[in-house]
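Here's a quick briefing to read with the structure open beside you. Have a look at the fold, then work through the notes below.

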Amino acid sequence: MIEPVKILTKNYGKAESWTLAVYEQSGGYQTAKKALGMTPAAIIDEMKAANIRGRGGAGFPMGVKWSFMRPHPTKPAYLVINADEGEPGTHKDRTIMELDPHSLVEGCMIGAYAIGAHVAYIYVRDELHLSKKRLSDAIKEARAKGYLSKRPFGTSDYALEVHVHTGAGAYICGEETSLLNSLEGRRGEPRLKPPFPAQVGAFGCPSTVNNVESIAAAVPALSMGGAAFSALSRLHKINDGGVRLYGVNGHVEKPLVVELPCGPTINELIEMAGGVTKGRKVKAVIPGGSSCPVLRPDDVFHAPDEKSPLHEWNGMSVFDVPMGVDTMRSAGTMLGTCCLTVIAEGTCMVRAASNLARFYRHESCGQCTPCREGMGWIDSIFQKIVDGKGSIEELDSVSDIASSIIGNTICAFGDGAAMPMLGFLRKFRHEFVEHIQGKCSHDGNIL
Ligand SMILES: Cc1cc2nc3c(=O)[nH]c(=O)nc-3n(C[C@H](O)[C@H](O)[C@H](O)COP(=O)(O)O)c2cc1C
């Protein structure tokens, strides 16, 4: 059984854990001091060794991303923190901002120094009132103490300004280039890539966008050394290092956020959350936010090729395979944000799919026709099927519509909306057919 750890969460549970006094009692800001005595290249090497795969969903290695930044002859560089956390089922970043905001501020100092930025923006979703307050207070405290000033620690002439910027609460504004547009006061629509943010990011300047947890993880990774941090993971041999926050929600007895070495199994997480509600069985799981295709307990892991180190899990239930970026991808889904949504037996999967289709239709920014129109059509078809008015022809057209969204949009929203639709159809087609025939054998639970 995997055991919880207290590294990112070491201050959670302490009285007033969000204050500078408590943060400093556990060695707070000493790692930033260490960082400012190192070269930026040496810090980036530590981050590469730490194997921190981006915690915002895409799993891109953080050290590698930092290494893309090059000093520009005339333009400043920016560090931008993605604190939008709008993915349904995801609820981990807010625990850092609410319970230990100084770990994010210290992470900003390390990250910004490493990429050559003197300004960091933390883009927080508007609804997260407590996160905004605790972060703003933490920044004020860090300024007053001189950490965010010229010559922090009296030794370095490196200065950083950190600003909290409020988003208006659109899911698309979590996508990094929409976030940058929104930060600049424009409409939150994705930009074409390339150019990537490292070349043309915030205000046309080189920028790095990272998730809250990714940046907070820079602190223990640098403090203990990248290799040691990486080795804490069950999956460090396949470059998925360290510890991370896992969430469990949906039909479980005790929804939670828990810090674990990377690579718990789905079964272990469900057990930690007290099992499925009222002793029911698991019908399905969405591994890391609603954009990840759904899994059934009988899904079997299939390795992409026999040479891959992942092949040792070939043929095992996906629920027993360590949850990592590459393992979940090989299982036909994604790790995403690591916040698992558990769906109990008795749940109507047609209604669950319809509920999500409605969300994606509503949240599509409308810039790309396949996504704007396609998600509208899928939502309407699913709604008709829920109402017992759909047809097999319409059901079959959902696969075509979803397939023509995937890969044909400016940003990953389209893929993230269409792939779960295909997942529901692939795994639960029989339930859609039953609905079309006027039957639903479930108790009407929806997510
Ligand atoms: C529609 C959409 C919504 C997203 N929402 C978030 C979010 O709320 N928070 C986040 O960190 N990343 C989100 N992402 C991923 C970001 O685009 C980006 O990959 C991430 O912020 C990079 O940080 P990381 O490398 O540290 O994970 C979203 C992506 C898409 C396509």
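Let's start with helix 9: eleven of the 13 residues in this helix (residues 212-224) are buried, so the rest of the structure largely encloses it. Keep in mind that this is a predicted model.

**Helix 9**

- The buried residues of helix 9 are Val212, Glu213, Ser214, Ile215, Ala216, Ala217, Ala218, Val219, Pro220, Ala221 and Leu222.
- After helix 9 comes glycine 225, with a positive phi near 95°.

**The parallel sheet, 3-2-1-4**

- Four strands make an open sheet in the order 3-2-1-4, and the pairing is parallel.
- Strand 3 (161-167) and strand 4 (207-211) sit at the edges with a single partner strand each, so one side of each has no neighbour in the sheet.
- On average, neighbouring strands here are turned by 20° against each other, direction ignored.
- Strand 2 (residues 119-125) pairs with strand 3 in the parallel sense over seven bridges, and arginine 125 stands opposite glycine 167 in strand 3.

**Strand 1, inside that sheet**

- How much of strand 1 is buried? Six of its six residues are, so to speak, under cover: the strand is mostly covered.
- Both faces of strand 1 are covered, with Tyr78, Val80 and Asn82 buried on one side and Leu79, Ile81 and Ala83 buried on the other.
- Strand 1 pairs in the parallel sense with strand 2 over six bridges and with strand 4 over five bridges.
- Leucine 79 is a handy landmark here: alanine 120 in strand 2 stands opposite this leucine, and so does threonine 208 in strand 4.

**Helices lying across the sheet**

- Helix 6 (residues 101-115) lies across strand 1 (78-83), strand 2, strand 3 and strand 4, and runs at about 145° to strand 1.
- Helix 7 (residues 129-144) lies across strand 1, strand 2 and strand 3, and runs at about 165° to strand 3.

**The mixed sheet, 6-5-8-7**

- A further open sheet of four strands has the order 6-5-8-7, and its pairing is mixed.
- Its edges are strand 6 (256-261) and strand 7 (282-286), each with a single partner strand, so one side of each is left without a neighbour in the sheet.
- From one strand to the next, the twist averages 30°.
- Strand 5 (residues 243-250) and strand 8 (residues 339-344) pair in the parallel sense over four bridges.
- Look for asparagine 249, which stands opposite threonine 341 in strand 8.

**Around the ligand**

- Which residues come closest to the ligand? Of the 25 residues that surround the ligand, the closest are Gly54, Gly56, Gly174, Asn211 and Ser214.
- Strand 4 and helix 16 (413-436) are the elements that give two or more residues to this shell.
- Strand 4 gives the most, with three residues.
- By type, the shell divides into nine nonpolar, ten polar and six charged residues.
- Domain 1 (20-231) and domain 3 (349-436) each supply at least three residues to the shell.

Technical notes:
Residues numbered from 1 in each chain as written. Predicted model: local features only at pLDDT ≥ 70, side-chain atom pairs only at ≥ 80, totals over all residues. Buried ≥ 20, exposed ≤ 12 C-beta atoms within 10 Å, placed from the backbone. Pairing = 2+ DSSP bridges. Axes fitted to C-alpha atoms, helices over the stretch in contact; angles between N-to-C directions. Contact = placed C-beta atoms within 7 Å. Near = placed C-beta within 6 Å. Nonpolar A, V, L, I, M, F, W, Y, C, P; charged D, E, K, R; others polar. Domains from an automatic or database assignment.
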